[in-house]
Amino acid sequence: MTGTGLVTETATKNVRKGLVLAILGVCFLVVMMDNTILNVALQTLQQSLDATNSQLQWSVDSYILVYAALMFFAGVLADSYGRRRMLVIGLLIFGVASALSAYSGTPDQLILWRAVMGLGGAVVPAATLATIKHVFPPSEQGKAMGVWAALGGLSVAFGPIIGGALLARFWWGSVFLINVPVVVVVVALMLIFVPETRAPRRPKMDIVGVLLSITATGAVVYGVIQGGETNHWMSVGALGAVLAGVVLAVILVFVERRQVDPALDVTLFRSGPFTAGTLSISLSFFALTGGTFLLVFYVQLVRGYHPLQLGLVLLPVAIGSVISAISGAGLVAKRGARLVVVTGLVLLVISLLGLFRIGAATNLWVLELILFAAGLGMGLVMSTTTTLAMSVVGPQKSGAGAAVNNTIRQIGAALGVAVMGSVYSIQYRANLGSTLSALHIPLPSAASDSLSGTLLAAQDLLHDPRTAQLVAPAIPGVLDQAKAAFVSAMHTSVLIAAIVLAVAIALAAIWLPGRNIAAATANATSREEKTNDTADSVAGAT
């Protein structure tokens, strides 16, 4: 009887932890999906709201800017006032703002509510990761964080798939409205099953550190967005904002080193695993997010696939990332973190070099194989580096530590889109040359900035009865050359991303621990958890 009781109790605990992980994973998935789901609706939005290209860009970027800038502050609040409490508040804000975004009547309204969505979503990565660290014992944290990373990886394909399916049946607002029922269900389950956790003691709020972190991150991300949008990287809005953010970040480090109870524990960066892991995932997101950004245009504009087909084409990325993220913990235990992360980065480089070789008519199975390799690589890197980074963060500031890791990762993603997008735009214009002059009609400057601009200009000419007959014979040849110019520009961009990842490989090989050091780190973490277990406050039960 006793044995049966013990088995039943253990099974119940395992089921409970699995349910908690599923709830937290869905939170992370729905917030990450909003980085991709809007992309498939941009053309519909432009027609429905009469939005300019700049307004469309900011409807995407307002979410990213606020999300990245407030993530660290949200992690500090979660440590101080309870991770579940802040998750519930953040998700409710996210859900309400999603509904208001769906019924926006103007582009400016949409930009505003997307920013509010970023405000609510900012708490999710840090608070979910910190909760996992407290719910799961050290021996199980690697697997749990692997599942968390895998669910985040699903967003790459799920966003376009769900967005495309909704747009096929409903109006553009449905891509936002879908968040509302998900949030309602997740919040209800969270209040029932997820325990409340917070730091062992509530630290005094470091207002100066928090404000500096918000302004530094916000300035860097804003400058990166401006540079990517305008291609004027030397302007005050781009380079000036980035430099201001870097200066503020230096001041932040200087101030926090002298604080008795700092919001940002700068000593985390003395840890090789934390620094190398954070930089590795950031550079990986630079490459994969920037590459995916270009791939969306390749699949839709060069291959001619509609939004739902785009999501299905990207599905191998999600499948590969799920497989490798879930198996990452076991591989680390057998082979060591260094080998696993380097292997993941090498797979990403191979996938980028594969994209460097594809053309407008490459067989689809070749592209799918390339994307599967990219997913495998990203899953290995994300799950392993996240676990390593969190292993050196104590329970007092696990939310803030997770926020640092996720903020730097988000900056890497924003840089990837901006830098690779700028390189693509400059190279596309150079490759296109005088091709558009074959139409013998003056065109707006935007027609030569991107393939989408060229296609839109050609469509306008064909729909205008004054120009249709004049340009119709030349349009097919012009569009073929424009697509070739795009593919060549994409090749240049992904090659730059591959070079960036070569730097990440060097960092990982030098700083990440091997198998023995990884085991020692795990033992040290286990001792720290036991020491702090009695002090760690669990403010709410199930």
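Glu 140 counts as partly exposed, because its relative accessibility is 28% (buried is under 20% relative accessible area, exposed over 50%, partly exposed in between, with a 1.4 Å probe and protein chains only). The model is predicted, so local features need pLDDT of at least 70 and side-chain atom pairs pLDDT 80 or more, while totals for chains, interfaces and linings use all residues. Residues are numbered from 1 along each chain as its sequence is written, and side-chain values use heavy atoms, leaving out hydrogens and water.

**Salt bridges**

- The whole structure holds three salt bridges (a side-chain nitrogen of Lys or Arg within 4 Å of a carboxyl oxygen of Asp or Glu).
- Glu 140 pairs with Lys 17, with 2.9 Å between the closest N and O atoms.
- This pair ties together parts 123 residues apart in sequence, because Glu 140 is in helix 7 (residues 138–169) and Lys 17 in helix 1 (residues 2–33) (helices are DSSP runs of H or I, at least four residues, numbered from the N terminus).
- Lys 17 is buried at a relative accessible area of 15%.
- Asp 34 and Arg 114 form a salt bridge at 2.9 Å, N to O, and both are buried.
- Asp 79 and Arg 83 are joined by a salt bridge, the closest N and O atoms lying 2.6 Å apart.
- Asp 79 is buried, with a relative accessible area of 4%, and Arg 83 is buried at 0%.

**Helix 14**

- The 21 residues of helix 14 (residues 337–357) should span 30 Å at 1.5 Å a residue, which agrees with the 31 Å between its end C-alpha atoms (expected span is 1.5 Å times one less than the number of residues).
- Buried residues of helix 14 include Val 340, Gly 344 and Leu 348.

Notes: Helices (H or I, at least four residues) and strands (E, at least two) are DSSP runs, numbered from the N terminus.
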